[in-house]
Number of protein chains: 2
Amino acid sequence: MIEQKHIHALEAIVGKENVYSDKAHLLAYSYDATRTRYMPEAVVFPRHEQDISDILIYCNTHLIVITPRGAGSGFTGGALPANGGIVLAMEKHMNKILEIDTQNMVAVVQPAVINKDLQRHVEALGLFYPPDPASEEYSTLGGNVSENAGGMRAAKYGITKDYVMALRAVRANGDIIRAGKRTIKDVAGYNIAGTLIASEGTLAVLSELTLKLIPKPRFKKTYMGIFPSVEEAMNAVFKSLSAGANPVAMEFLDKLVIKALIEKLGVDLPSDAGGVLVGDVDGNVTEEIEFQLQTLEKSFKENGAVEFKVAKDEKEASQLWYARRNASQSITIYGNKKLNEDISVPRSKLPIALNKIYEIGEKYNFTIPCFGHAGDGNIHVNVMLDATKEGELERGHHAIEEIFQLVVDMGGTLSGEHGIGLSKAPFMHIAFNEQELNLFRDLKKAFDPNNILNPAKMSL
Amino acid sequence: MIEQKHIHALEAIVGKENVYSDKAHLLAYSYDATRTRYMPEAVVFPRHEQDISDILIYCNTHLIVITPRGAGSGFTGGALPANGGIVLAMEKHMNKILEIDTQNMVAVVQPAVINKDLQRHVEALGLFYPPDPASEEYSTLGGNVSENAGGMRAAKYGITKDYVMALRAVRANGDIIRAGKRTIKDVAGYNIAGTLIASEGTLAVLSELTLKLIPKPRFKKTYMGIFPSVEEAMNAVFKSLSAGANPVAMEFLDKLVIKALIEKLGVDLPSDAGGVLVGDVDGNVTEEIEFQLQTLEKSFKENGAVEFKVAKDEKEASQLWYARRNASQSITIYGNKKLNEDISVPRSKLPIALNKIYEIGEKYNFTIPCFGHAGDGNIHVNVMLDATKEGELERGHHAIEEIFQLVVDMGGTLSGEHGIGLSKAPFMHIAFNEQELNLFRDLKKAFDPNNILNPAKMSL
């Protein structure tokens with residue numbers, strides 16, 4: 001329990017204006033995108049890295065738990081103060097782009113910089129920051145690193161971890177750690193930056209990020225393939241990629257999503273389509289774009305595509321993307337509540353994974369529309385249900401558990417990009433055995449022996 | 001000390017034929033590429049992962065130290081049994097390519113597979129494994145992961161860590177750990193695979209590697225730029241890259257190396273050249289190759305290049321590469337002993353870094369020819385000396401220490417690709433403060449509380 005003396009001590013560190021314990025503020029920092037609430041006992045806004053260090057030293061001594069928070073846009077509760085204590089909110093002060101080093105193609109940012117703000121900033125300089133989680137307009141880069149956020153462009157460009165060159169972070173005991181360098185190669189010491197990526201704020205508090213940028217590709221085009229069945233579409237995914245296609249994105253919509261898009265939004269797609277693949281290709285020369293499109297068209301048609309479209313201009317491109325962009329909102333026709341999980345499987349397993357997911361839907365009598373990042377094997381599975389019905393939510397969770405087991409049995413993962421946090425913590429035992437969980441616990445203990453950093457997350 | 005009863009216990013695990021404690025075997029496993037010797041007390045060849053686990057359980061109980069070993073080709077003593085004990089030699093049994101999954105573009109290998117063997121194997125299937133350390137013909141992939149090996153192609157394709165999708169490893173207590181997945185996205189649990197990369201066998205013993213493959217680019221060409229000074233060449237490096245060039249490799253030779261190549265090997269380079277850049281560009285269409293070459297030529301000429309050559313065919317390509325390939329052996333004209341360090345700086349710092357390195361050379365009266373991977377900021381610095389002279393080696397080490405301090409002050413690293421091991425352990429304090437070293441120690445302790453895995457390495 002945080003007492004008044006603790007509040008005063010925190011005020012002495014960051015100033016009275018950066019500590020709140022009134023109900024309105026506590027409420028405002030009690031939720032995230034999971035729409036679950038846990039009340040913190042105080043909200044503290046560090047002004048800089050030294051504040052974070054001082055706060056952690058104090059909290060580590062007094063065993064006060066801390067939940068670091070970026071935008072609170074996570075889908076698994078990573079920013080929820082599940083055990084009370086302090087929310088350490090980065091958004092107020094630690095939100096600056098500190099440097100864009102165009103010579104070395106590196107950005108140095110504070111953790112609360114919004115992903116898309118960095119993208120826009122560097123694109124104006126002819127550079128490119130590829131990771132593009134769906135939350136890019138509001139999620140923070142610190143949160144992106146903590147959850148190892150993905151996005152649509154992962155098929156070609158990889159995910160957040162592929163762009164983290166160096167981090168500064170503060171350990172639970174207040175030690176300020178520099179990890180990694182502004183160099184492509186650095187093998188001195190343990191890979192602490194790699195260890196902190198995806199650690200969900202449980203090992204250290206990130207205070208500064210050094211991110212890799214690349215030259216912005218000069219040309220881009222949008223394609224769409226329409227398939228009679230989702231199975232054919234999913235075959236086309238791994239076959240086109242192993243044939244040498246390297247699209248920026250390869251997103252898919254299944255039959256249920258297509259139906260919802262037509263019914264709810266009047267989207268112009270054939271009503272008998274069983275699967276759609278849509279994405280971009282990019283390159284420095286138009287011939288590379290042509291090569292990519294030809295490779296895709298050939299593989300798509302060999303795998304049953306009835307149509308392969310290429311957008312002539314920006315307007316047509318955004319028409320093709322419209323369906324994918326509105327997939328999530330269209331499927332509300334199937335239920336007033338969705339359980340949305342972001343499982344991931346090796347791409348060649350997509351066809352069978354989807355069929356088995358639909359079988360689980362039939363068994364439980366749930367509609368399960370699926371869409372997402374087929375190009376990297378990451379599917380957004382949506383178990384649609386009527387939350388007003390008695391016991392429906394519980395049955396939904398059972399269906400999800402079966403899906404997780406299926407995915408893990410196929411060599412896949414509980415989460416492709418959302419993380420574990422609170423929401424998936426009960427399912428960790430499906431993916432990891434006791435020895436692996438023990439290693440996680442040992443690692444946590446090495447960084448944070450008193451368990452003050454974001455406790456209750458990841459089932460540790 | 002290993003007693004006879006320990007030898008018997010090890011024989012009971014792996015069989016008599018896989019345990020050696022005779023002098024010839026001990027000698028054969030006492031050295032590596034550093035040419036330093038430390039005698040082990042036994043050499044054990046595990047047949048499979050379960051053997052590794054059984055051996056570690058036994059050794060952890062009896063506090064017998066273990067040094068895992070691939071090919072022993074490392075430059076920093078990572079495979080040297082500095083504290084005696086057992087060398088766990090992977091080469092005999094754990095050397096198989098287990099699977100090439102062409103559908104998901106993934107290779108699954110045992111740790112002692114030779115890097116180049118994997119490259120050849122997958123290239124025959126139209127796939128590509130980019131990491132190409134200079135030791136590729138004999139170094140093992142397990143060693144590559146343990147040291148996070150780099151190579152020439154890092155400028156475009158990154159280093160070993162960028163290709164590790166999943167690992168299996170055995171902890172000091174014998175626990176078998178699966179880390180990572182055969183999926184592009186996986187954010188469930190801590191990034192244990194990332195933690196093990198570059199950990200130099202001090203945290204766990206690698207038992208299986210799942211590596212990412214990419215489609216083999218269809219076209220490749222070799223270029224060379226000749227500059228009046230190394231400073232102009234180094235300016236051309238970061239300026240061409242930030243102008244959008246994305247060469248597979250951008251290697252450099254300084255004036256001293258050029259002179260040595262001409263004198264010792266009669267290489268056809270202008271005797272007044274101050275710096276050379278040589279490398280490849282690749283792509284799926286010839287127009288991409290042209291775009292790359294034009295971008296390079298323009299930047300090179302803007303930065304003073306007097307000549308820009310493009311190889312017309314394979315033969316010309318290997319002529320251009322001949323100089324770089326023979327850089328290391330040519331510089332022996334400057335001394336009978338070289339202290340070779342692989343420092344790395346942000347690319348824009350290359351011009352000033354080189355000038356300061358030469359100043360250190362002047363101060364100590366050493367010739368310091370430099371060459372290496374300019375495209376990723378990684379320089380091979382060679383302090384040449386006469387080892388027969390009294391005190392010369394010690395003075396050489398002082399010069400190296402000054403170079404390390406300089407590099408770290410510029411935001412660079414002690415090692416771009418060779419690791420720390422024993423050779424660079426004395427310099428860790430230059431790169432890391434006490435808090436950072438404490439974190440390394442805590443991490444080591446979490447994985448290996450009894451310090452049985454490759455002790456004495458990395459200054460822990």
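This is a predicted model: local features need pLDDT of at least 70, side-chain atom pairs count only at pLDDT 80 or more; totals for chains, interfaces and linings use all residues.
**Helix packing and the A–B interface**

The crossing of α8(B) past α13(B) is right-handed. On the α8(B) side, the residues in contact are B:V230, B:E231, B:M234, B:N235, B:V237 and B:F238. Their partners in α13(B) are B:L350, B:P351, B:L354, B:N355 and B:Y358. By class, that contact divides into 8 nonpolar residues, 2 polar and 1 charged.

Staying with chain B, α8, which spans residues 230-242, also packs with α10, residues 286-302. Here the axes come within 9 Å and the crossing angle is roughly 140°.

Now chain A. Helix α8 (residues 230-242) and helix α13 (residues 350-364) of chain A pack at about 150°, and their axes are 8 Å apart. That angle makes α8(A) roughly antiparallel to α13(A). α8(A) passes α13(A) in a right-handed crossing. In α8(A), the contact residues are A:V230, A:E231, A:M234, A:N235, A:V237 and A:F238. In α13(A), they meet A:L350, A:P351, A:L354, A:N355 and A:Y358. The residues of this contact comprise 8 nonpolar, 2 polar and 1 charged.

Next, the interface between the chains. How many residues does each chain bring to the contact? Chain A gives 82 residues, and chain B gives 82 residues. About 6900 Å² is buried between chain A and chain B, and carbon and sulfur atoms give 58% of that area. Three residues stand out on the chain A side: A:K185, A:V187 and A:Y190 supply 15% of the area that chain A buries against chain B, more than any other three residues.

Last, the salt bridges. Side chains of opposite charge can pair when their charged atoms come close. The structure holds 56 salt bridges over all chains, and 8 are found across the interface of chain A and chain B.

I will show two pairs. One is A:K185 with B:E417, at 2.8 Å from N to O. This pair crosses between chains: A:K185 lies in the loop between β9 (176-180) and α7 (192-196) of chain A, and B:E417 lies in the loop between α14 (392-409) and α15 (428-431) of chain B. A:K185 is also one of the three residues I named for buried area. The other pair is A:R171 with B:D442, where the closest N and O atoms are 2.7 Å apart.

Notes: Residues are numbered from 1 along each chain as its sequence is written. Chains are lettered from A and ligands numbered from 1 in the order in which they are written. Side-chain values use heavy atoms; hydrogens and water are left out. Axes are lines fitted to C-alpha atoms, for helices over the stretch in contact, and angles run from 0 to 180 degrees between N-to-C directions. Helices (H or I, at least four residues) and strands (E, at least two) are DSSP runs, numbered from the N terminus. Angles under 35 degrees count as roughly parallel, over 145 as roughly antiparallel, 65 to 115 as roughly perpendicular and the rest as oblique. A crossing is left-handed if the near helix is turned anticlockwise from the far one by less than a right angle, and right-handed if clockwise. Contact means heavy atoms within 4.5 Å. Ala, Val, Leu, Ile, Met, Phe, Trp, Tyr, Cys and Pro count as nonpolar, Asp, Glu, Lys and Arg as charged, and the others, Gly among them, as polar. Buried area is the accessible area (1.4 Å probe) that two parts lose on being put together, summed over both. A salt bridge is a side-chain nitrogen of Lys or Arg within 4 Å of a carboxyl oxygen of Asp or Glu.
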